[in-house]
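Please look over the model below before reading the comments. They are meant to be read with the coordinates open.

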Amino acid sequence: MTLYYTLVFLLLVAEMALFMLLIMPLPFAMRRKVFTFISENPIVAKIQYWLKITFVFILILFIDSVNRVYRVQVELAAATENTGASAPAIMGHERLEVQARKFYSQRNMYLCGFTLFLSLILNRTYIMILEVLRLEEKLKQYEGTDKNTKQAEKLAMAGDPGEISRLKREVELRDQDIATLKKQAAGLHKEYDALAEKYGRTQQDGSSKKDI
């Protein structure tokens with residue numbers, strides 16, 4: 001197995017472990033903290049961004065493996081027709097080589113396919129569990145049994161992994177822009193006051209000279 005298919009296999013194992021973590025029966029408070037952490041952590045947002053790029057490459061590998069399987073199937077079919085037409089039969093080691101290439105191509109195709117399929121299942125499972133947690137949160141609020149309002153607000157704001165951290169960064173950037181605009185406005189106001197004072201002095205000097 002080549003290096004990139006080994007990485008795909010490790011990613012598949014990580015997806016299986018994450019799926020088991022998502023469906024693990026945890027208490028409501030602990031599950032809420034886990035999902036809040038996933039939504040707030042900026043590292044999770046960066047990991048999600050790079051995983052999207054990785055899945056694009058895995059899709060390319062999947063298409064390439066499907067193409068290889070098709071070519072091996074065509075080669076085997078052509079060899080079988082030649083053998084049936086009283087042509088020289090394929091040597092044993094050559095047939096084993098073709099069968100081995102077919103096996104490796106099918107393995108890579110299934111590996112990439114299951115990795116992509118499980119990524120879609122993970123995304124859908126995360127959204128469904130998040131919706132269930134929100135409904136449970138609303139039910140607890142209606143019953144008056146939920147006292148942790150801060151965690152409830154964070155859970156209500158949670159969406160994609162790292163979404164809250166992304167929104168916080170956008171708010172911080174906007175606050176910085178507002179602060180710079182305030183500084184610029186204060187500087188312009190000072191310059192305007194200075195110019196107004198100079199203009200007032202010139203008007204006073206001009207009026208005094210006319211009186212003389």
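The numbered points go from the whole chain to single residues.

1. Basis. This is a predicted model, in which local features need pLDDT of at least 70 and side-chain atom pairs count only at pLDDT 80 or more, while totals for chains, interfaces and linings use all residues. Residues are numbered from 1 along each chain as its sequence is written, and side-chain values use heavy atoms, with hydrogens and water left out.

2. Secondary structure. The protein chain has six helices and zero strands, giving the pattern α-α-α-α-α-α along the sequence. Helices (H or I, at least four residues) and strands (E, at least two) are DSSP runs, numbered from the N terminus.

3. Of the 212 residues, 25% count as buried; buried means under 20% relative accessible area, exposed over 50%, and partly exposed in between (1.4 Å probe, protein chains only). Among contacts with a separation of 6 or more, 82% come from residues 24 or more positions apart, where contact means heavy atoms within 4.5 Å.

4. Surface. The protein chain exposes about 15700 Å², and carbon and sulfur atoms supply 65% of that area. Accessible areas come from the Shrake-Rupley method with a 1.4 Å probe; for residues, only the protein chains shown count as cover.

5. Record annotation. An unreviewed UniProt entry lists residues 6-28, 49-66 and 108-130 under "transmembrane region". UniProt positions are given in the numbering used here, feature names are shortened, and annotations may be inferred rather than shown by experiment. In the model, residues 49-66 are 100% helix and 0% strand, with end C-alpha atoms 26 Å apart. Residues 108-130 are likewise 100% helix and 0% strand, and there the end C-alpha atoms are 33 Å apart.

6. Nonpolar patch. Leu3, Leu7, Phe9, Leu10 and Val13 form a nonpolar surface patch with about 490 Å² of accessible area together. Patches are made of residues with over 30% relative accessible area and no salt bridge; like charges are joined within 9 Å, nonpolar side chains (Val, Leu, Ile, Met, Phe, Trp, Tyr) within 5 Å. Val13 lies in helix 1 (residues 3-23) and counts as partly exposed because its relative accessible area is 40%.

7. Thr115. Not counting residues up to four places away in sequence, Thr115 touches Val8, Leu11, Leu12, Glu15, Phe55 and Ile58.

8. Salt bridges. How many salt bridges are there? The count is two, taking a salt bridge as a side-chain nitrogen of Lys or Arg within 4 Å of a carboxyl oxygen of Asp or Glu.

9. Arg68 and Asp64. The side chains of Arg68 and Asp64 meet in a salt bridge at 2.9 Å, N to O. Both belong to helix 3 (residues 42-84) and are four residues apart, so about one helical turn separates them. Arg68 is partly exposed, at 41% relative accessibility, and Asp64 is also partly exposed, at 29%.

10. Glu131 and Arg134. In the salt bridge between Glu131 and Arg134, the closest N and O atoms are 3.3 Å apart. Glu131 and Arg134 both sit in helix 4, three residues apart, about one turn of the helix. Glu131 has 40% relative accessibility and counts as partly exposed; Arg134 is partly exposed with a relative accessible area of 22%.
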